[in-house]
Amino acid sequence: MNPNYQSENPLKTFLQTLLVLAFVFMLTLLMNGCASKPLEKTHTIERLVTYKADSLKVTVVNQAVLDSLFIQVSKVKTVKPECDSITQITLDQLLMQLNSKKKSGQNEMGIYYDTIKKMIVGWQKMAQTQNEKSASNKITNTVAIEKEKIQMPVKYIPIWIKILAVLGGVTLGVLVWRVAKVWV
């Protein structure tokens, strides 16, 4: 043993070592309670919503119509038989002027006087008609996205605490070395 080390009080050295150990223990507690930095993690849920569609179509078709009207014109009979022929000729001349025809697309109509058959003929031709009624529902696809953020803490140790821990470890090593030299 060296005489230099014997002059020191061993109780004082023990208390110094105990103080350094308490300091290191406090540093450990301080490092354990460091603020943690949250890490965000996103959780995404996607749903596909589908709406179905149906449709209804009704078509009513009316066939073409051909219609005729025949009016028989009878001979004129008056109280005086000598006036019958003059009245009949005048009536025939007036009815011969009855000649009309109209046309629109495939629809036609007309009226005329047939002198041979002595009748008024009215006719009408109506083209085919078609009516459609429809009702429909549509398909709609919708994507619903839900995002949920989850925060997970991550331990973060500041650099100054790491430096203090290294200094505490070096100090502890020196103290152990000195105590070992005193006892050995």
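1. A salt bridge here is a side-chain nitrogen of Lys or Arg within 4 Å of a carboxyl oxygen of Asp or Glu. With that in hand, you can turn to K118 and D92, whose side chains meet in a salt bridge at 3.1 Å, N to O. The structure holds one salt bridge. Please keep in mind that this is a predicted model.

2. What does this pair join? K118 sits in the loop between β5 (107-114) and β6 (119-126), while D92 belongs to helix α3 (residues 81-96), so the contact ties together parts that are 26 residues apart in sequence. The two partners are also worth a look for their surroundings. K118 has a relative accessible area of 30% and is partly exposed. D92 comes out at 14%, which means that it is buried, as the cut-off for buried is under 20%.

3. The protein chain has four helices and eight strands. Followed along the sequence, their order is α-α-β-β-β-α-β-β-β-β-β-α. The chain has 184 residues, and 14% of them count as buried.

4. How much of the contact pattern comes from residues 24 or more positions apart? Among contacts in the protein chain with a separation of 6 or more, such residues account for 73%. L164 lies in helix α4 (residues 159-183). Its relative accessible area is 29%, so L164 is partly exposed.

5. Strand β4 (residues 99-104) pairs with β5 in the antiparallel sense, over six bridges. Within that pairing, K102 stands opposite M109 in β5. The hairpin of β4 and β5 has two residues between the strands, and G105 there takes a positive phi near 65°.

6. On to the next hairpin. β5 and β6 run antiparallel and are joined by seven bridges. Here E108 stands opposite K125 in β6. Four residues lie between β5 and β6, and K118 in the turn has a positive phi of about 55°. This is the K118 of the salt bridge with D92. For anyone tracing side chains along these strands, a general point is handy: in a regular strand, side chains alternate between the two faces of the sheet.

7. Which residues make the nonpolar surface patch of about 490 Å²? They are L11, F14, L15, L18 and L21. Of these, L21 is found in helix α2 (residues 10-32). L21 has 41% relative accessibility and therefore counts as partly exposed.

8. Finally, a word on the database record. An unreviewed UniProt entry carries the annotation "transmembrane region" for residues 13-31 and 159-180. In the model, residues 159-180 are 100% helix and 0% strand, and the end C-alpha atoms of this span lie 32 Å apart. The annotation comes from the record, and such annotations may be inferred rather than shown by experiment.

How values were computed
Residues are numbered from 1 along each chain as its sequence is written. This is a predicted model: local features need pLDDT of at least 70, side-chain atom pairs count only at pLDDT 80 or more; totals for chains, interfaces and linings use all residues. Side-chain values use heavy atoms; hydrogens and water are left out. Patches are made of residues with over 30% relative accessible area and no salt bridge: like charges are joined within 9 Å, nonpolar side chains (Val, Leu, Ile, Met, Phe, Trp, Tyr) within 5 Å. Accessible areas come from the Shrake-Rupley method with a 1.4 Å probe; for residues, only the protein chains shown count as cover. Buried means under 20% relative accessible area, exposed over 50%, partly exposed in between (1.4 Å probe, protein chains only). Contact means heavy atoms within 4.5 Å. Two strands pair if DSSP finds at least two bridges between them.
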